[in-house]
Amino acid sequence: QMQTVESGGGLVQPGGSLRLACTASQSILSLYTIAWFRQVPGKEREGVSCLSSGDATSNYADFVKGRFTISRDDAENTVFLEMVGLQPEDTAVYYCASEDGRLLSGVCPLRSADYRWWGHGTQVTVSS
């Protein structure tokens, strides 16, 4: 079973940047597909970005394209989400999710139902 811990959230002004980290318990991170989701109270959890196992092909939701970048550091067992140009509508709890990469083919999905293992989340607040 994969366990992940998110970090890096906080309060930032509009236009600012943050880098979120998802640190995994498994040493062979490349075997897992990792995704970032976010959720605000009263709304469904929405997919932000994901990174496929193996070749680390990325996928992004339209609303973050050009602003967020996902990457993986295998030596640190960590997946990062670099966020720039943050806006108040990006305020949410950001979750890291993971799934065995052998069960997901093609472009990694941004549907929460495709991931079994979830972290506890990190709060991102964008406000002046």
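If you number the bonded cysteines of the chain in sequence order, what is the pairing? The pairing is 1-3, 2-4, and here are my notes on it.

1. Ground rules. This is a predicted model, where local features need pLDDT of at least 70, side-chain atom pairs count only at pLDDT 80 or more, and totals for chains, interfaces and linings use all residues. Residues are numbered from 1 along each chain as its sequence is written, and side-chain values use heavy atoms, with hydrogens and water left out.

2. The count. A disulfide here is a pair of cysteine sulfur atoms within 2.5 Å. That rule gives two disulfides.

3. Cys-22 with Cys-96. The sulfur atoms of this disulfide sit 1.9 Å apart. Strands are DSSP runs (E, at least two residues), numbered from the N terminus.

4. Cys-50 with Cys-108. Here the S to S distance is 2.1 Å, and the link is right-handed, with 90 degrees about the S-S bond. This one also links distant parts of the chain, 58 residues apart, with Cys-50 in strand 5 (residues 46-51) and Cys-108 in the loop between strand 9 and strand 10 (117-118).

5. Buried or exposed? Buried means under 20% relative accessible area (1.4 Å probe, protein chains only). Cys-22 counts as buried because its relative accessibility is 1%, and Cys-96 is buried at 0%. Cys-50 is buried at 0% too, while Cys-108 comes in at 3%, so Cys-108 counts as buried.

Methods: Buried < 20%, exposed > 50% of the residue type's maximum accessible area, 1.4 Å probe, protein only. Helix = DSSP H or I, 4+ residues; strand = E, 2+ residues; numbered from the N terminus.
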